[in-house]
Every structure is written in structure tokens, then in C-alpha cells.
Amino acid sequence: MQHILLLVTYQTKPNTREAFVEEVTDLGILQKIQKEDGFVAYQYYYDATDANTLLLVEEWESEAKQQAHLQTAHMEELQAVKEKYVSQTSVRKISL
């Protein structure tokens, strides 16, 4: 199996970056993701020069397990949170 790394850049609505991460954390979404089959890493990083940019680095054991992750109920919940706070998303996939 080939691990994959996703670099997900979120452009949040003005002054909502911290509120987005806080709500995701408070809802327990990160803890649910960490229990998924194939999970390796899922970490948020703040951009030092742009207060509305957030980087998510996620690693999975395989693309199939990452795709299964997208079908979970908590990812549907995350999508609803993203609609409130995120204006744009870009994804870069790297095979390891």
C-alpha cells in the first residue's frame, strides 16, 4: 500500500479561521477521524502572514482508506461547518 499525503489549503471568511478550528475541535470531529481505519495524521497549521489561511496536512495509509474517510458521517458534519467559515479550498495530493 502506498501512503498519501494531502495538503489542503483553506481560505476562510475574514476573521473566522480560529472559530472554524475551534468548532471542528469542539464537535469531536478530529477525535473521530483519528479512530478511522487508515488514519496516520490530520493536523491544522495557521499561516503566519495571512490570518485567513489555514493548512490541513493529512496522511492516510492508502487512497482507498482516504476515500472511505470522505464517506463518514463526521465528514458530512465537517462539510456543514466548512460552509459557515470557508470560502475556498485547494487540495494537493502527494503519494509517499
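Strand β3, residues 53-60, has seven of its eight residues buried, so β3 is largely enclosed by the rest of the structure. Buried here means under 20% relative accessible area, with exposed over 50% and partly exposed in between, using a 1.4 Å probe and protein chains only. The model is a predicted one, in which local features need pLDDT of at least 70 and side-chain atom pairs count only at pLDDT 80 or more, while totals for chains, interfaces and linings use all residues. Residues are numbered from 1 along each chain as its sequence is written, and side-chain values use heavy atoms, leaving out hydrogens and water.

What lies beside β3? Strand β1, residues 4-12, pairs with β3 in the antiparallel sense over eight bridges. Two strands are said to pair if DSSP finds at least two bridges between them. Tyr45 has Leu55 in β3 as its bridge partner. In a regular strand the side chains alternate between the two faces of the sheet.

β2 and β3 form a hairpin, with six residues between them. Asn52 lies in this loop between β2 and β3. Is Asn52 buried or exposed? Its relative accessibility is 18%, so Asn52 counts as buried. Apart from neighbours within four places in sequence, Asn52 is in contact with Tyr10, Gln11, Thr12, Lys13, Pro14 and Asn15. Contact means heavy atoms within 4.5 Å.

The chain as a whole has four helices and four strands. Along the sequence they follow the pattern β-α-α-β-β-α-α-β. The radius of gyration is 13 Å, close to the 12 Å that the globule rule gives for 96 residues, so the chain is as compact as a globular protein of that length. Helices (H or I, at least four residues) and strands (E, at least two) are DSSP runs numbered from the N terminus; the radius is taken over C-alpha atoms, and the rule is 2.2 Å times the number of residues to the power 0.38.

The C-alpha trace spans about 40 × 25 × 15 Å along its principal axes. Of the 96 residues in the chain, 43% are buried. Among contacts between residues at least 6 apart in sequence, 76% join residues at least 24 apart.
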